[in-house]
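Reader: I have a structure open on my screen and would like to learn how to read it. Could you take me through it feature by feature?

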Amino acid sequence: GAASMFKLGIHAAKPLAAAPGPADAEKPYTLPPLPYDNDALEPHLDKETVALHHGKHHAAYVAGLNGSLEKLAAARAAGDATLISALTRALAFHGSGHVLHAIYWTSMKPGGGGTPAERGLGKLIAREFGSFEGFRAQFAAVTNSVAGSGWGVLAYEPLGRRLVILGVEKHENVLFAGAVPLLVCDVWEHAYYLKYQNRRAEYVNNWWNVVNWTKVGELFVAAS
């Protein structure tokens, strides 16, 4: 929900005025700036890919999300229900794409890698997966086996108070109702193709070297 999005640091602009019409509604979502320079994740993620991925692909999700909201508002104002179903699917597609990309960028940092702190997240990882190595092996296996385009996701499931690893192939569909993404690896080809071509497993293996476990731990604390 909205509260979870704000916990994850995905901010909208200032709140909309009450019942805005389609013409005067502000755009509630903006592209968050990268928390590092385009070349900061070299040699694991190359400068050109990061720049295109953030400035073009992620930006397109933000534009699509705002556009879907505007079109839904226009349809409501016109009393036209014929496009509601398609626009709702577009809202879910672009909205999920924006949220996951926003988490993806903060999941990484220059000089990252290593392991999470032994307390908190690290302790729960060991409990759920037997060891950090067991977690990493399962996460890599799930992420590498995503068919076509998608994501590897580590999420916290609050009902069972446990961690789950998800392979997401259609991110507009429900991942796991209520589960909060903590760490995501983008395996849409635009995330790695310029450097790795079809060598997804090599990209995923190198991606561990830039994981920002400090930020992932902060998201875990907020979610739990």
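Author: Gladly. Let us begin with a term: contact means heavy atoms within 4.5 Å. Leaving aside its neighbours within four places in sequence, Pro 110 is in contact with Tyr 36, Ala 40 and Leu 41. This is a predicted model, where local features need pLDDT of at least 70, side-chain atom pairs count only at pLDDT 80 or more, and totals for chains, interfaces and linings use all residues. Residues are numbered from 1 along each chain as its sequence is written, and side-chain values use heavy atoms, with hydrogens and water left out.

Reader: Where is Pro 110 placed?

Author: Helices (H or I, at least four residues) and strands (E, at least two) are DSSP runs, numbered from the N terminus. Pro 110 is found in the loop between helix 3 (84–106) and helix 4. From Pro 110 to Asp 39 is 9.3 Å, C-alpha to C-alpha, although they are 71 residues apart in sequence.

Reader: How many helices and strands does the chain have?

Author: There are eight helices and three strands, and their order along the sequence is α-α-α-α-α-β-β-β-α-α-α.

Reader: What does buried mean?

Author: A residue is buried under 20% relative accessible area, exposed over 50%, and partly exposed in between (1.4 Å probe, protein chains only). Pro 110, at 41% relative accessibility, counts as partly exposed. Of the 224 residues in the chain, 42% are buried.

Reader: Which residues of helix 5 are buried?

Author: In helix 5 they are Phe 132, Phe 135, Phe 139, Ala 140 and Thr 143. They cover an arc of only 125 degrees around the axis (taken from the directions from the helix axis to the C-beta atoms), which puts them on the same side of helix 5. Among the elements that cover these buried residues are helix 4 (121–129), strand 1 (151–157) and helix 7 (200–207).

Reader: How should I read the strands?

Author: Look for pairing: two strands pair if DSSP finds at least two bridges between them. Strand 1 and strand 2 run antiparallel and are joined by seven bridges, with Val 153 opposite Leu 166 in strand 2. These two strands form a hairpin with four residues between them, and Arg 161 in the turn has a positive phi of about 50 degrees. Strand 1 also pairs with strand 3, in the antiparallel sense, over six bridges; here Trp 151 stands opposite Asp 186.

Reader: How many residues of strand 1 are buried?

Author: Seven of its seven residues are buried. Trp 151, Val 153, Ala 155 and Glu 157 point one way, while Gly 152, Leu 154 and Tyr 156 point the other way.

Reader: And what makes an aromatic pair?

Author: Rings of Phe, Tyr and Trp (its six-membered ring) pair if their centres lie within 6.5 Å; planes under 30 degrees apart count as stacked, over 60 as edge-to-face and the rest as tilted. By this rule the count comes to 16 aromatic pairs. One of them is stacked: Phe 139 and Trp 207, 5.7 Å centre to centre with 10 degrees between the planes. Phe 139 lies in helix 5 and Trp 207 in helix 7, so this pair ties together parts that are 68 residues apart in sequence. Phe 139 is buried at 0% relative accessibility, and Trp 207 is buried with a relative accessible area of 0%. Ring pairs also link Phe 139 and Trp 207 into a cluster that includes Phe 129, Phe 132 and Trp 213.
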